[in-house]
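Please look over the sequence and the structure shown here before reading on.

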Amino acid sequence: MTADTRTPEPVSSAKRRARGLRIIAAVVLVLGIFGADLVYWLGTRSAEVSDDPQMLGNEKAESRQAEILYGKQASLIKEWSDELKRPGIQAVMVVVTAVLVAGGCFYFARLLDNVGEQADEKG
């Protein structure tokens, strides 16, 4: 048996940072998926507050008054905010955010790899 006598090539700092960014991206993706799962699970377990039968008639009057005071934009914004309170939408937002952050990390890691390769070729 012979020992490997080759000396390992030093890894440039750009490649080291690129590897770190890839690890961060993978962690962000995994945490985003688990976080979205947790948000959805907790959101579907909680009781719906708007199921109170005494408040059903009041909702129509409130929306009419808001429309008179603030116009159609108020009803549109209220509809959007009600949609954002749904656990499925919140879980999708968590996953999309995690994918965007991880994608940015992968992109910058690739740029750092290109810089590292150029530095290796020069010197």
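Lys 78 is partly exposed, with a relative accessible area of 39%, where partly exposed lies between buried (under 20%) and exposed (over 50%), computed with a 1.4 Å probe and protein chains only. This is a predicted model, in which local features need pLDDT of at least 70 and side-chain atom pairs count only at pLDDT 80 or more, while totals for chains, interfaces and linings use all residues. Residues are numbered from 1 along each chain as its sequence is written, and side-chain values use heavy atoms, with hydrogens and water left out.

**Salt bridges**
- The structure holds four salt bridges, each being a side-chain nitrogen of Lys or Arg within 4 Å of a carboxyl oxygen of Asp or Glu.
- One of them joins Lys 78 to Asp 82, with the closest N and O atoms 3.4 Å apart, and both residues lie in helix H3 (residues 72-84), four residues apart, about one turn of the helix.
- Another links Glu 83 with Arg 86, where the closest N and O atoms are 2.6 Å apart; Glu 83 is partly exposed at 38%, and Arg 86 is partly exposed at 43%.
- Lys 72 and Glu 67 also meet through their side chains in a salt bridge (3.2 Å, N to O), in which Lys 72 counts as exposed at 58% relative accessibility, whereas Glu 67 is partly exposed at 27%.

- Asp 113 counts as buried, at 17% relative accessibility, and belongs to helix H4 (residues 87-122).

Definitions and conventions. Helix = DSSP H or I, 4+ residues; strand = E, 2+ residues; numbered from the N terminus.
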